[in-house]
Structures are given as structure tokens and as C-alpha cells.
Amino acid sequence: MTLDPKALGQKLLQVREHLSDEFIADLMLIRDENEELRRRHQHFVLHDVDTVGVKLYPAKERESVYHANSPFRAGNYDLLKTYSVYLAVHRTLEMMDRDYKQRDSFNWLASFLDANGSKFHGDSGYHVGDEFISAMWDELPRMKKNRGGSVSMIDPDSIVEKILHERLRVADDWTTELMSVPRDNLQFQRIPLEDLLRDADAREE
């Protein structure tokens, strides 16, 4: 069997662009995912029943739209969901760390991440991000008395909203980067051509 490195490279670039198109389409669902999390939480608060099972899987629900899904699209989508939460948590911590008024909330979220964030690392199955957010909603607000007698409130619900807002920004940032993949692919293909032309010029000299 003869391998053609050029043809293999072209195929890899095609797969790369196909995956980036899927990721862009799937990241558009992050806003819907946030709303679904809020809906489930509100339903649980009102009825004490979790409506688990209402999920947005583009690879399964939109096959008529995406005719050639990649084999692991559902898994890739869940990873996008999970790590958009993970990065949003870290961005929220960075934002809080810059505001001394949010120091207690920063410490609480950092501790919560240490205690509940292990599943973000390694293969921990599906819905890790959803479970992390749901666990935060299970936490009760608390008051903390500071030096000097002042009192600050740590409100997990408010922190969740900050994270979900930041999650949308993460999705937007990823989408912006992914939209450059076709241009990057052209650049990758142009480099070998420029090398060939440079070698040809050198031989003529």
C-alpha cells in the first residue's frame, strides 16, 4: 500500500474544516443550553422533580439538516458544553479576583471548584458541565461577617448567572476562532507551493 502524504494532508484539512463547521453550528446552541438549564432548575424548585432527559443533541435531532455528521458529533458537542462551562468558571474567577467587593464570592467559587470540579479532568462521561451548574444551584445563600462588622452575601444563584453569561462569551470567542479555519487551511496549502516555487528559483540560479 502506497501512502500519498499530499493527499493525506488534504484529507486532514478537509476533516478539520468539516469539524469546525460542526462546532460553529453546535456552539450556536449554547444559549439554548443555558435556557434549558434555567428551565430545569425552575421546574425542580417549583415541583421538586428534575426533568432530566431534555437535551439538545444536534447530531441526533438535526440529521435532516446536517447530512454528514462526524462519527463522534454527540460526544464532541458534550465536550463543547462541558468545557465552555469550565472556561466560563475560570473567567468568572478572574473577573471576581479583580474586584475586591467580590472577594468572598471569589473564595467561595474557588473552593466550590476545588471540591466539585474533578470531573472536568479526564473521561467522566456526559453532562459534567450541567451537573456542576446544578450542584451550584443546590447551594444555599450565606452571609459572612467581615472585619469591621460589615456583612457580605454569597449568592450561588447570582454566581451561576455570571458563569452562564460568561459561557456565551466563551462560545462567541470560540466561534470567531473557528471561522478562520478555512483561511488557515488555504495558508497551510500555500506554504508547500511557495516552497516549491522557491526551490525552482534556486535551481534556475
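Visitor: Why is valine 49 called partly exposed?

Guide: Valine 49 has a relative accessible area of 44%. Buried is under 20%, exposed is over 50%, and partly exposed is in between (1.4 Å probe, protein chains only). So valine 49, at 44%, counts as partly exposed. Mind you, this is a predicted model: local features need pLDDT of at least 70, side-chain atom pairs count only at pLDDT 80 or more, and totals for chains, interfaces and linings use all residues. Residues are numbered from 1 along each chain as its sequence is written, and side-chain values use heavy atoms, with hydrogens and water left out.

Visitor: Which residues does valine 49 touch, leaving out those up to four places away in sequence?

Guide: His43 and Phe44; a contact is heavy atoms within 4.5 Å. Valine 49 itself sits in the loop between α2 and α3 (58-61).

Visitor: What makes residues 30-47 a helix, and how does the span of α2 compare with the expected one?

Guide: Helices are DSSP runs of H or I, at least four residues, and strands are runs of E, at least two, numbered from the N terminus. α2 has 18 residues. From first C-alpha to last, α2 reaches 25 Å, close to the 26 Å expected at 1.5 Å a residue, where the count used is one less than the number of residues.

Visitor: How do you know that the buried residues of α2 line one face?

Guide: The buried ones are Ile30, Glu33, Asn34, Glu36, Leu37, Arg40 and His41. Looking down the axis of α2, they fall within an arc of 160°, so they line one face of the helix; the arc is taken from the directions from the axis to the C-beta atoms. An α-helix has 3.6 residues a turn, so residues three or four places apart point the same way. Over on the other side of α2, Arg31, Gln42 and Leu46 are exposed.

Visitor: What do the buried residues of α2 pack against?

Guide: Four helices are their partners: α1 (5-27), α4 (73-97), α6 (128-137) and α7 (156-178).

Visitor: And how many helices and strands does the chain have?

Guide: 8 helices and 2 strands, running α-α-α-α-α-α-β-β-α-α from the N terminus. Methionine 153 is in strand β2 (residues 151-154).

Visitor: How much of the chain is buried?

Guide: 34% of the 205 residues. As for contacts with a separation of 6 or more, 67% join residues 24 or more positions apart.
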